[in-house]
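Okay, thanks everyone. I've got a few minutes on this one, so let me put it up on the screen and walk you through it.

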Amino acid sequence: MQSPLRLERRLTQPKWLNWGVPLLSLLGALILGAVVLMATGKNPISVYMRILERGFASTDAFSRTLISATPYAFTGLAASVAFRMGLINIGGEGQLYLGTIGAAFAGIAFADQPTPIIITAMIICGMLFGGFWAAIVGVLKAKFSTNEIITSLMLNYIAAILLDYLIFNSTSYWRDPKSFGFPTGKRLVEAAYWYDMSFGPIKVPFGFLVAMIAAGIVWFLYNRTRFGYEVSVIASSPSAARYAGIRTRWKIITVMSLSGALAGLGGASDVGDFRHVLDAKGVQIAGYGYTGIVVAALARLNPISAIFVAVFLGGLSNAGYALQGPDFPSGLVGTLQGLILFTAVAGEILTRYRIKRQTHVAEGVPS
Amino acid sequence: MKKMWKLAAIAATASLLVAACGGSDSSSDTTTAPDGDSAVNGDAFTYTNFTPFEGGTVVNCAPADGSAIKAAWVYVGPINDGGWTQTHNVGREFVQETLGDKVITTYKENVPEGPQVEAVIDDLVKDGNTIIFGTSFGFQDAFLAAAEKYPEVCFEFATGYTQKNNVSQFYGASEDTKYLSGIAAGAEAPAGATVGVVAPFAIPEVIRGINGFTLGVQKTNPTATVKVVWTNTWFDPAIERKAAESLISSGVKAIASFQDSPATGEAAKVKGIGWVGYDSDQSVAFNDIWLTASTYDWGPYEVAKIQAAIDGKWISGDYYGNLSDKFVSIANYGKKVTEATKALIASERERLTATPSAEFTGPITAQDGTIKVAEGKLPTYGDLMGMNYQVKGITTDLPQS
């Protein structure tokens, strides 16, 4: 049996699709969500108002949303950078762990320096550590054509074990020798705390500003430089790129390292902005790296959009906790969040394809 | 799991009944608050096994207009984890049942440790919650920060160690009940066999539980040895299960887990090895292999503390419950536990009820042969809280250094 509908690739993408489709997807998600909510006896309007109020609408809710959004912004950028060249880097999670290790190291080692120096050292070390972790994947891919999905994923587990080792199973440089009872990392001195910036009543984590700057740089690199052009050539046809004299192997290593460095920067912000300690367990529970892949997909691998998507997801997850309670099980919260993400990704298809009705399909013609 | 549905059904019906009677004082049939213990003397709250915070003052965290107090619980895991978080949620339901319309309870589950905790607390305070319970060790920093931000909110923290004027700590002597469960494990394993333990973190709270458990094993099986695998996680069914499987394949004849999920039981079920659980009674779901478990009853203390807040008598402090006030207890026995073992556990239970931590009566020898508790002596509260050595009979080393 043949489906009466089929997807046809759009030859041209009208401009209005870029904002029209996301809006329609959101509307679709809200309508679907309303059906679910009404079926469970909830008033959809009041639930949506609460999501808006607790996620975005008030200044302190928005400040909290930016806190949740900051790590997503970094891991979203990291995934976008790699995916743009067709490198499926699933290792943002582990690269972010390495970033926390590097940044915590710098924060402890430079404790007696003035704040700007400590922060710079934390940023550099976080990026170096994260970049190094991803470079392993890049080198394996470039030299031995190893599948990067598998190696980057496996390195996540190794990074997790390394984190556990540094805090729980050794007296490492990172571990606080005085921690009573529960092993913890050395707490950073206050001079190493990243700045709390305020724009009017809205508090913006310093890391979020760094993420915005990083997004701008990535956008410039990919859209306005030879490097970015070559990356897009490799993405569409690696063999054509090689034929054109582009050094694809070096590009693989460079782009992977860049992706890892961005995730590592997220780790640095995690230590500098929020935890002020190498929190081996907390950072693993959070799962920022995997969320970054969702961010990148929703942002259509566009670095600027990634920032907005990160804020959207940050607000959604904060609002999710606000909704939860005895009369609102977390499964229902997950269903709502899932519906919104699902329709957003589904809507994505409509910007690239259009639905055509099958009309003149002759019998017997193989299709 | 069936047990859980039964409990949930009982709780649901009970709360409906309470609501129908307009919150009349109907007490639950399964659990009762310790009689008379919550009586209030003078201005501040007093309670068995509760030591008020030195220099602490009464914090007024009930609504001034006499409306119902809003109480919230923040959980690290899902409320159906079959262990830690689930029993905490049973405690919350007990509070709601017992205090009826004097309290409005809510909870947030699956809250990851880190910056999210503070955001969740901000939200809870904004919603008008004035007494907030935290149930995961990793929340402590966020709770302390929030306590400073909201001095008019009462915070109750399970299993931490830092008290503030508005941050109280509560926990209890599960080493005593782990000792009782160890007796069952020792009886289950053949003489001189190895018993496995799947344990989360090598911290005093956990180490003294494993020591208690080991002493229990040795009570019935003096030549048995104990092997520990550390998972470095409170709740991760996949890792817990892997740890259990590694112990089982190394030939342990009985196994215990002090984790938040029953994953060890699933691994033990495959090989039919006797299992000592933790936190929750799994005697129905794991009928064939179930021995018993050390369990907690969080509700009565929480009821007493919320009532104190309503009465304007809430004060911070340190609660360390034990067998005597039924804070810790042991679950139903499985069919592997013989009558003789049950009788022995019953008599030991009596001894520990009269004298908490009596299983640590000296001489207690550490792994390296040093005497840690002298002949005939009991460890002090400080000794217990700082216990960082394993007793003789445990063959694996502590992970750090």
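This is a predicted model: local features need pLDDT of at least 70, side-chain atom pairs count only at pLDDT 80 or more; totals for chains, interfaces and linings use all residues.

You'll find Ala304(B) in helix α9 of chain B, residues 299–310. Ala304(B) has 24 other C-beta atoms within 10 Å, so it counts as buried. Now pick out Ala256(B), which sits 48 residues from Ala304(B) along the chain: their C-alpha atoms are 32 Å apart.

Okay, over to where the chains meet. On the chain B side, 27 residues are in contact with 26 residues of chain A. Which elements of chain B give two or more residues to that side? Those are β3 (103–108), α3 (115–126) and α6 (204–220). The largest share comes from α3(B), with six residues. If you sort the chain B side by class, you get 12 nonpolar, nine polar and six charged residues.

Last stop, a helix pair in chain A. Helix α4, residues 92–109, packs against helix α6, residues 148–168, at about 30 degrees, and their axes are 7 Å apart. Angles under 35 degrees count as roughly parallel, so that's what we call α4(A) and α6(A). The crossing is left-handed. From α4(A), the contact residues include Tyr97(A), Leu98(A) and Ile101(A), and from α6(A) they include Leu155(A), Ile158(A) and Leu163(A). By class, the residues of this contact come out as nine nonpolar, two polar and one charged.

Key. Residues are numbered from 1 along each chain as its sequence is written. Chains are lettered from A and ligands numbered from 1 in the order in which they are written. Two residues are in contact if their C-beta atoms, placed from the backbone, lie within 7 Å. Helices (H or I, at least four residues) and strands (E, at least two) are DSSP runs, numbered from the N terminus. Ala, Val, Leu, Ile, Met, Phe, Trp, Tyr, Cys and Pro count as nonpolar, Asp, Glu, Lys and Arg as charged, and the others, Gly among them, as polar. Axes are lines fitted to C-alpha atoms, for helices over the stretch in contact, and angles run from 0 to 180 degrees between N-to-C directions. Angles under 35 degrees count as roughly parallel, over 145 as roughly antiparallel, 65 to 115 as roughly perpendicular and the rest as oblique. A crossing is left-handed if the near helix is turned anticlockwise from the far one by less than a right angle, and right-handed if clockwise. A residue is buried if 20 or more other C-beta atoms lie within 10 Å of its own, exposed if 12 or fewer, and partly exposed in between; C-beta atoms are placed from the backbone.
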